[in-house]
Amino acid sequence: MFTIFILIAAYIVYRAVRQILRVYECPSDEILTAFWRGKLRAGSEPHRQLITHLGTCEHCQERLHLLRKGLPLEDHLIDEGQD
């Protein structure tokens, strides 16, 4: 009985840690683009995770800013001073 309790507790901790780590993981370009185009259903799990992530990740905020300007996400890799 104690073993079952430990296994259930370990599973709950595993799920909680996994969900927390997902918030800090940067989304793919496809997810970010889908968010920008309004294709992520508001209130869905991916939408909530992305909103939470954008609140803490300056890199992804910049990526979203590039999308708003109509630039490909890869443009931030180009050195503007180089011609």
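In this predicted model, helix H2 (residues 29–36) packs against helix H3 (residues 45–54) at an angle of about 95 degrees, with 11 Å between their axes. Helices here are DSSP runs of H or I with at least four residues, numbered from the N terminus; axes are lines fitted to C-alpha atoms over the stretch in contact, and angles run from 0 to 180 degrees between N-to-C directions. H2 is therefore roughly perpendicular to H3, a label covering 65 to 115 degrees. Ile-31, Leu-32 and Phe-35 of H2 meet His-47, Leu-50, Ile-51 and Leu-54 of H3, contact meaning heavy atoms within 4.5 Å. Six of these residues are nonpolar, one is polar and none is charged (Ala, Val, Leu, Ile, Met, Phe, Trp, Tyr, Cys and Pro count as nonpolar, Asp, Glu, Lys and Arg as charged, and the others, Gly among them, as polar).

Turning to salt bridges (a side-chain nitrogen of Lys or Arg within 4 Å of a carboxyl oxygen of Asp or Glu), the structure holds two. Asp-29 pairs with Arg-63 in a salt bridge whose closest N and O atoms are 2.6 Å apart. Because Asp-29 lies in helix H2 and Arg-63 in helix H4 (residues 58–68), the pair ties together parts that are 34 residues apart in sequence.

A few conventions apply. Residues are numbered from 1 along each chain as its sequence is written, and side-chain values use heavy atoms, leaving out hydrogens and water. Local features need pLDDT of at least 70 and side-chain atom pairs count only at pLDDT 80 or more, while totals for chains, interfaces and linings use all residues.

Conventions
Helices (H or I, at least four residues) and strands (E, at least two) are DSSP runs, numbered from the N terminus. Angles under 35 degrees count as roughly parallel, over 145 as roughly antiparallel, 65 to 115 as roughly perpendicular and the rest as oblique.
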